[in-house]
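Biologist: I've got a new model on my screen and I'd like to walk through it with you. Can you help me read it?

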Amino acid sequence: MKAIVLYSSRTGNTKKVAEAICSVLPKGTNCVDIKNSPEDLESYDCIFMGFWIDKGTADSLAAEQIKKLHNPYIALFATLGADPESEHARKCLINAANLLPKGITSMNNFICQGAIDPKIIEMMYKMFPVGHPHGKTPENDALHKRASTHPDDIDLKNAKIFAKNVWNKICIERK
Ligand SMILES: Cc1cc2nc3c(=O)[nH]c(=O)nc-3n(C[C@H](O)[C@H](O)[C@H](O)COP(=O)(O)O)c2cc1C
C-alpha cells in the first residue's frame, strides 16, 4: 500500500508536523512539499495532506490540491496561530474538509498551534486599530506569545499518535 505525506508550509511549522507524521508511517513513505507534488498523486492509496490556516481555511496552495483529492484514504492535518481547541480551529478544519470533492471525506483531522510570523503580527497591528479583533491587545500579545513555541514536542507526539491511529485503521480495513 502506497502512502505519501504532502504538505504546504510557509514558515516551517506544518513541515515539522508533516515530518513527525511521516516518521511513524511505513519505511519509504515520502514527505513532500506541495511545490514538488508528484504527478502521479492519484496512484497513492493514502495521503496525509497538511496545510497552514490562512484566513480561516487551508492556504491557497493546499486548497487547490484538496479540491482535487480522490485517494481512497485521506487524512488532513494543519497548524494555526489560534488556540487549537477553539471554535475558530474547529471551523477552520471544517472549511478545509469542505474543499474535498463531493463524496470524498477525510478519515480524521489533526490541528495544532504554530508560531505566527512576527512580520505578520507587526503588519496586523499596524493595519487594524485598537479594538479590532486582530488589533494590539494584551490578549492578542499573549496568544502570539503562546503560539511562538509551537509546534512543540507534545504537538509532534500528538501528530504521531494521530498518524498511527489513521494508519492502523487503514490496515484493519484492508485485512
Ligand atoms: C496571511 C496569514 C493568515 C493567517 N490566518 C490565520 C487564521 O485565519 N487563523 C489562525 O489561527 N492563524 C492564521 N495564521 C497563522 C498561521 O496559520 C500559523 O502561523 C501557521 O502555523 C503557519 O504555518 P507554516 O509555518 O507551516 O507556514 C495566518 C498566517 C498568515 C501568514
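Biologist: How many helices and strands are there in the protein chain?

Modeller: First, a heads-up: this is a predicted model, where local features need pLDDT of at least 70, side-chain atom pairs count only at pLDDT 80 or more, and totals for chains, interfaces and linings use all residues. Residues are numbered from 1 along each chain as its sequence is written, and side-chain values use heavy atoms, with hydrogens and water left out. Helices (H or I, at least four residues) and strands (E, at least two) are DSSP runs, numbered from the N terminus. Along the sequence the pattern reads β-α-β-β-β-α-β-α-β-α-α-α, and the count is six helices and six strands.

Biologist: Is V32 buried or exposed?

Modeller: V32 sits in strand β2, residues 30-33. Leaving aside neighbours within four places in sequence, V32 is in contact (heavy atoms within 4.5 Å) with I4, V5, L6, Y7, S37 and P38. Its relative accessible area is 15%, so V32 counts as buried.

Biologist: Which elements do the buried residues of α1 pack against?

Modeller: Helix α1 covers residues 13-23, and its buried residues include T14, V17 and C22. The partners of the buried α1 residues are β1, β2, β3, β5, β6 and α6.

Biologist: Which side-chain atom lies 2.6 Å from an oxygen atom of the ligand?

Modeller: Let's look at polar contacts, meaning pairs of N or O atoms within 3.5 Å; within protein, one must be able to donate a hydrogen and the other to accept it, and residues adjacent in sequence count only if both atoms are side-chain atoms. A ligand oxygen is 3.1 Å from a polar backbone atom of G12, and a ligand nitrogen is 2.8 Å from an N or O atom in the side chain of H88. The one at 2.6 Å from a ligand oxygen is a polar side-chain atom of T14.

Definitions and conventions
Buried < 20%, exposed > 50% of the residue type's maximum accessible area, 1.4 Å probe, protein only.
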